[in-house]
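Student: I am new to this structure. Could we go through it together?

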Amino acid sequence: MAHAQTSTAFTAVAARKSFGNSLTTEQVRPSPSFVSSTTSSSTASATSKGKRDWPLPVRTYVQRCFAEENILPDVKLQEMEIKLKQVISKAVETGTLAVVDWDNLPLPQMMIREEHARAPNARLPSSPIPSNGVPTSTLHGANESKSKKRKSSETGPVDDASSRTPPWNKANSRNAFESRISYPDKRPRNEAGPENGSSKSFQILDGRKKRFEPTARGTSPVRPWRISTAQEPPPQEREGPIVGRCQELEKKYFRLTSAPNPDTVRPLPILEKTLDHLKRRWKQERNYSYICDQFKSLRQDLTVQRIKNGFTVNAYEIHARIALEKGDLSEYNQCQTQLRALYAQKLGGHPAEFMAYRILYFLHTSNRIDMNDVLADLTPTEKQDRAVKHALETRSALALANYHRFFELYLDTPNMGAYLMDMFVARERLAALSAICRAYKPDIKLRFVTEELGFESDDESARFICDNGAQHLLEERDDGVRLVTGKASTFFEPALKAASARPGTKLLA
């Protein structure tokens with residue numbers, strides 16, 4: 001009996017299992033309620049005598065870990081949970097649970113980020129730390145010291161004191177994700193590398209990894225297409241325009257693909273001689289392909305030397321007139337665009353003449369929007385010019401469907417406006433012929449059609465009718481050839497619609 005009451009020197013307790021294993025039994029997504037689940041799980045493994053009462057700083061620390069503003073995009077949630085359990089387990093095992101300053105202790109996600117930054121040649125893609133990620137007021141000296149260590153490790157070698165790993169960073173220094181990305185060949189760090197005879201696949205993976213390395217703390221990765229090689233010389237801006245040194249009068253046109261060479265550019269005195277030479281060649285040979293190529297080369301030399309004066313205006317006007325004569329609307333439009341800018345600078349030339357051409361061109365293309373802009377910009381002085389006045393009357397005749405007045409104006413066009421009117425006169429002749437067939441019954445003389453539609457002869461008007469498929473409407477009688485309008489009715493309507501649908505093409509006339 002006495003022997004049973006004898007006290008022993010120790011109290012036998014049941015052997016407890018590892019604290020870390022008990023924490024990993026629950027695989028649920030943590031939330032703000034993680035405090036209760038973590039503390040209950042940790043208490044069950046740490047002691048077998050009921051539920052542990054965790055200190056308030058520990059519970060607050062866990063809540064901060066899962067706060068939305070402290071979640072880092074480059075740290076996985078599962079990885080952060082493991083680190084949190086390691087920190088709490090370490091404090092429980094060492095008996096420092098009530099000693100650790102939990103308010104100033106860095107969060108697990110910050111510890112993981114520091115481990116990634118400190119690991120040599122194994123830095124993962126990361127984004128800058130958000131400004132609202134971790135308040136600086138909550139980290140104080142501990143977090144500030146960690147920032148200094150990380151910064152020094154990125155810019156240069158670190159001494160032994162600053163590179164000493166804290167106790168909570170010794171475990172789980174390399175997770176599975178980091179191993180897959182950073183060490184694909186599963187060799188030691190000091191052996192992996194192209195200098196030790198690694199494979200080509202490793203070089204590709206290593207280069208791919210370096211693309212995402214940030215250049216400095218808190219900066220975004222440098223993209224490969226933004227990296228300028230050392231062999232590329234810095235761009236040198238020219239001071240002012242170049243001055244040509246070429247002395248040749250003729251030069252073929254080549255589209256520039258690099259900076260112009262002064263040795264291949266003709267200066268202004270040579271360009272003036274070139275223009276006189278081209279005018280003589282045009283009068284003698286009438287070779288438009290050659291003349292157009294030479295004028296484009298001349299305009300290019302004026303552009304690269306930034307020459308804008310009366311000579312420039314004269315060169316563009318001559319080229320535009322030649323293009324109109326040959327029906328080249330593409331070159332004409334290029335010249336017309338440049339002339340508008342030159343006329344705005346009051347450099348001389350014939351702005352009223354080309355204003356009339358613009359109005360006639362918009363009639364050809366049926367461009368009402370640009371036509372309204374031109375009419376709004378006309379000054380009273382410009383409206384009194386003969387060419388502009390003729391163009392405005394032509395526009396009015398078409399708007400009123402007055403074909404009789406339109407063809408009177410067509411036969412009395414000033415300057416080179418007739419070349420532009422030739423491009424849409426066939427369309428207006430079809431419209432006038434359709435109106436005549438509806439108004440005059442049962443037939444009319446062909447001579448009447450010739451005079452009304454501005455043809456030079458009856459043969460020309462008969463050929464126009466036949467070309468549009470109405471030869472069966474022509475009948476030869478004792479008093480001459482007549483057009484049977486009673487059978488025509490709306491015969492010319494389809495041809496008129498087709499002509500109106502393609503104003504850029506030149507129809508039969």
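Student: In which loop is Arg 306 found?
Tutor: First, this is a predicted model, where local features need pLDDT of at least 70, side-chain atom pairs count only at pLDDT 80 or more, and totals for chains, interfaces and linings use all residues. Residues are numbered from 1 along each chain as its sequence is written, and side-chain values use heavy atoms, leaving out hydrogens and water. Helices here are DSSP runs of H or I with at least four residues, strands runs of E with at least two, numbered from the N terminus. Arg 306 is found in the loop between α11 and α12 (310-325).

Student: Is Arg 306 buried or exposed?
Tutor: Buried means under 20% relative accessible area, exposed over 50%, partly exposed in between (1.4 Å probe, protein chains only). Arg 306 has 58% relative accessibility, so Arg 306 counts as exposed.

Student: What is phi of Ser 366?
Tutor: Most residues other than glycine have a negative phi. Ser 366 is not a glycine, yet its phi is positive, at about 55 degrees.

Student: Where is Pro 442, and what is omega of the peptide bond from Lys 441?
Tutor: Pro 442 sits in the loop between α20 (425-439) and β1 (444-445). The peptide bond from Lys 441 to Pro 442 is cis, with omega near -5 degrees.

Student: Are α10 and α11 roughly parallel or antiparallel?
Tutor: Helix α10 (residues 268-285) and helix α11 (residues 288-304) pack at about 165 degrees. Angles under 35 degrees count as roughly parallel, over 145 as roughly antiparallel, 65 to 115 as roughly perpendicular and the rest as oblique. Therefore α10 and α11 are roughly antiparallel.

Conventions. Axes are lines fitted to C-alpha atoms, for helices over the stretch in contact, and angles run from 0 to 180 degrees between N-to-C directions.
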